[in-house]
Every structure is written in C-alpha cells, then in structure tokens.
Amino acid sequence: MERTTTTTTKAAARTTALNQAQQQIRAEAIRKSAESMRSSNLLNDSFVSIALEDTDACQHVLRTILDTDDLNVVSVKGQYRLLNLTAKDSVLDVFAQDSRGRLMNVEIQRKDTVDHAKRTRYYSSMIDKSSLDKGTDYEDLPDVYIIYISETDLWNAGKTIYKVEKMLGSGKSAIPYDDGSHVIYVNAKVDDGSEVAKMMKYFKSADPDDMSQGALSKRVRYLKREEGGYKLMSAEAEKLYNLGVEEGIEKGIAQSEEIKAKEIAEAVTRMLRLGKLTIQEIAECQGISESEVRKIEAGMPQQA
C-alpha cells in the first residue's frame with residue numbers, strides 16, 4: 001500500500017513539473033512574440049492591426065490615403081475574420097466602417113509572389129457576401145474600399161498610390177463605371193513627395209519619437225513606450241499563440257484521420273483481393289458502409 005502511494009505521489013509530482021515547464025515555455029513564447037511585435041513597423045500585419053484598432057489612428061490613415069477630411073470612422077476591428085461555410089475563411093488585417101456606412105479594408109502585403117489583383121477581388125467579394133443580409137436588395141450593398149499597402153511598387157510604374165478606375169468603353173467616349181467597389185494600391189517604396197508617401201515613410205520606421213502623423217503617431221508611441229501598450233501587445237501575442245495551438249491540433253486531427261482512412265482503404269483492398277469475405281462482412285469488419293467498400297473496390301487497379 002505504501003509503495004503504491006509513493007508511486008502515485010511521484011507520478012503527480014512529474015505531472016506538476018511537466019505542467020509548470022509547459023507554462024514557462026508558453027509564457028516565454030508569448031513574451032518574445034509581444035516584444036517582436038512591439039519592435040515591428042507598420043508593415044507588419046499583426047502590429048498594424050493593433051495600431052489601427054484605435055479609431056483616430058485608423059481615421060488618420062484613411063483620410064490621408066483617400067485625401068479627404070470629412071471621413072469619420074465609427075468602428076474598426078483588427079484581424080477581423082469573415083466566416084465562409086463553403087470555402088476558407090478570410091482574415092482582414094483592418095476592417096473599418098465610416099459614418100456614411102462605407103466599409104474599408106486595409107491590407108498589408110509584403111510578398112511579391114501573390115496574385116494581388118485576384119486577392120483584392122476575393123476580399124471584396126467576401127465583404128460583399130458578409131454585408132448583404134438575406135432578403136435585402138442589391139442597392140443596399142455598401143461601398144467597399146480595399147486599401148492594399150505593399151512594401152514594394154507592385155506595378156512598377158513609379159507611383160506611391162494607384163487607384164483602380166473602371167470604365168465602360170475606352171478613349172474619349174469612355175463612361176465611368178461605378179459599382180461601389182474601390183481598390184487602391186499604396187506602396188512604401190516610391191517617394192513622390194505626397195502626404196501619402198510621407199505616411200508610408202513613417203510606416204517603415206514606426207518611430208515612437210516621430211509625432212508627424214498625428215493620431216497614428218500617438219497610437220504607435222502608446223504601443224511602444226507605455227505600459228498599457230505593452231499589455232495590448234501581450235494580449236495579442238497570447239491570442240496568436242492560442243490560435244496557433246488550435247490550428248496545430250486541427251491539423252493533427254486532420255492528418256490522423258487521413259492516415260486512418262488510408263489504412264482502412266489498404267485493409268479493405270487486401271480483403272477484397274483475398275475474396276473470402278462479402279462486401280457486407282468487410283464493411284462490418286472495418287466499421288464503414290458497404291458503399292464505401294464498393295468505392296474502394298472501384299478504385300482498385302486491375303491485376304495483370
């Protein structure tokens with residue numbers, strides 16, 4: 001009895017030590033991630049998402065890019081997930097709405113290998129789908145702005161900003177075509193002396209001592225220099241860590257199920273080739289339906 005108690009106590013101690021070690025690893029990973037984000041610039045999608053969750057900071061960026069002073073942001077969300085039941089979900093870096101009901105998505109893209117035009121098209125379609133309630137008219141669709149910020153000049157035309165313009169026809173007879181969907185490309189490489197270029201220069205540095213960008217500078221300084229900002233960074237790092245763990249578990253489950261299905265298919269194939277069991281008996285043995293057995297049978301290569 002005493003030996004059993006000792007063994008149980010040692011096992012509990014090992015479990016406690018293992019849990020403590022795992023918690024330390026988790027805490028250190030979150031701390032490093034928070035520090036990394038805190039030292040990032042605004043071309044980092046995680047950092048810009050937190051920075052522009054501040055309404056005033058987001059409003060400053062949108063007003064500068066759209067060259068207007070009467071745009072008023074009423075709500076903004078960073079890393080906003082658009083659910084899709086039939087395809088993969090989309091996560092928008094920054095998703096805002098202004099007082100006129102216009103929806104605005106700010107995306108950061110650092111890769112040159114992506115099909116940028118089709119990516120903006122996809123984001124626009126996802127926003128349309130999520131914003132039009134069943135039973136409402138198409139005229140109720142809000143205007144959507146996709147603002148795509150890149151580190152490099154994606155179109156190699158030497159401009160800081162590119163606005164996609166839609167026209168019916170071409171030349172002098174062309175007619176403007178406005179379907180409420182707007183795409184604007186901005187890059188941090190070309191400096192044309194404009195206010196947008198100055199802001200992109202700030203995006204690249206995110207210097208907490210540079211207060212040239214008004215509310216955006218104030219927000220960056222808060223995130224990088226103040227205790228409350230560090231807590232926000234830590235909370236975001238923890239969220240990303242937990243999301244990564246969940247995705248890892250889901251991937252592991254999917255891989256496990258794929259391996260199991262492959263093993264069942266191989267076992268069914270062997271049984272069918274032996275020819276000693278009926279379809280029904282094989283199905284019962286493997287815990288699958290008779291139709292699944294027949295499907296595997298149909299896919300078997302013909303033996304010479």
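The text below takes the pockets, then the patch, then the salt bridges.

The model is predicted, so local features need pLDDT of at least 70 and side-chain atom pairs count only at pLDDT 80 or more, while totals for chains, interfaces and linings use all residues. Residues are numbered from 1 along each chain as its sequence is written, and side-chain values use heavy atoms, with hydrogens and water left out.

**Pockets**

The largest pocket has a volume of about 550 Å³. A pocket here is an open set of points on a 1 Å grid over the protein atoms alone, where a 1.4 Å probe fits, with protein on both sides within 12 Å along at least five of seven lines; lining residues have an atom within 4 Å of a point. The volume is the space filled by probe spheres set on the points.

The lining of the largest pocket consists of 28 residues, and those closest to the centre are Lys166, Asp179, Ser181, His182 and Val183. Two or more lining residues come from each of α4 (116–131), β4 (144–150) and β8 (181–187). Helices (H or I, at least four residues) and strands (E, at least two) are DSSP runs, numbered from the N terminus. Helix α4 contributes the most, six residues. Sorted by class, the lining has 14 nonpolar, six polar and eight charged residues. Nonpolar covers Ala, Val, Leu, Ile, Met, Phe, Trp, Tyr, Cys and Pro; charged covers Asp, Glu, Lys and Arg; the others, Gly among them, are polar.

The second largest pocket holds about 250 Å³ of space. Among the residues that line this second pocket are Asp45, Gln79, Asp93, Arg119 and Leu240. At least two lining residues come from each of α2 (45–51), β2 (90–98), β3 (103–109) and α4, and β3 has the largest share with three. Four nonpolar, three polar and five charged residues make up this lining.

**A surface patch**

Leu168, Ile175 and Tyr177 form a nonpolar surface patch with about 300 Å² of accessible area together. Such a patch joins nonpolar side chains (Val, Leu, Ile, Met, Phe, Trp, Tyr) within 5 Å, from residues with over 30% relative accessible area and no salt bridge. Areas come from the Shrake-Rupley method with a 1.4 Å probe. Ile175 is in strand β7 (residues 175–176) and counts as partly exposed because its relative accessibility is 47%; buried means under 20%, exposed over 50%, and partly exposed in between.

**Salt bridges**

The structure has ten salt bridges, each a side-chain nitrogen of Lys or Arg within 4 Å of a carboxyl oxygen of Asp or Glu. The table gives three of them.

| Pair | N to O distance |
|---|---|
| Asp179 and Lys166 | 2.9 Å |
| Asp209 and Arg221 | 3.1 Å |
| Arg225 and Asp209 | 3.0 Å |

Arg225 lies in helix α6 and Asp209 in the loop between α5 and α6, so their bridge ties together parts that are 16 residues apart in sequence. Asp209, Arg221 and Arg225 are linked in a network of salt bridges. Asp209 is partly exposed at 48% relative accessibility, Arg221 is partly exposed at 33%, and Arg225 is partly exposed at 47%.

Asp179 is partly exposed, with a relative accessible area of 42%, and Lys166 is partly exposed with 31%.

Note on methods
Patches are made of residues with over 30% relative accessible area and no salt bridge: like charges are joined within 9 Å, nonpolar side chains (Val, Leu, Ile, Met, Phe, Trp, Tyr) within 5 Å. Buried means under 20% relative accessible area, exposed over 50%, partly exposed in between (1.4 Å probe, protein chains only).
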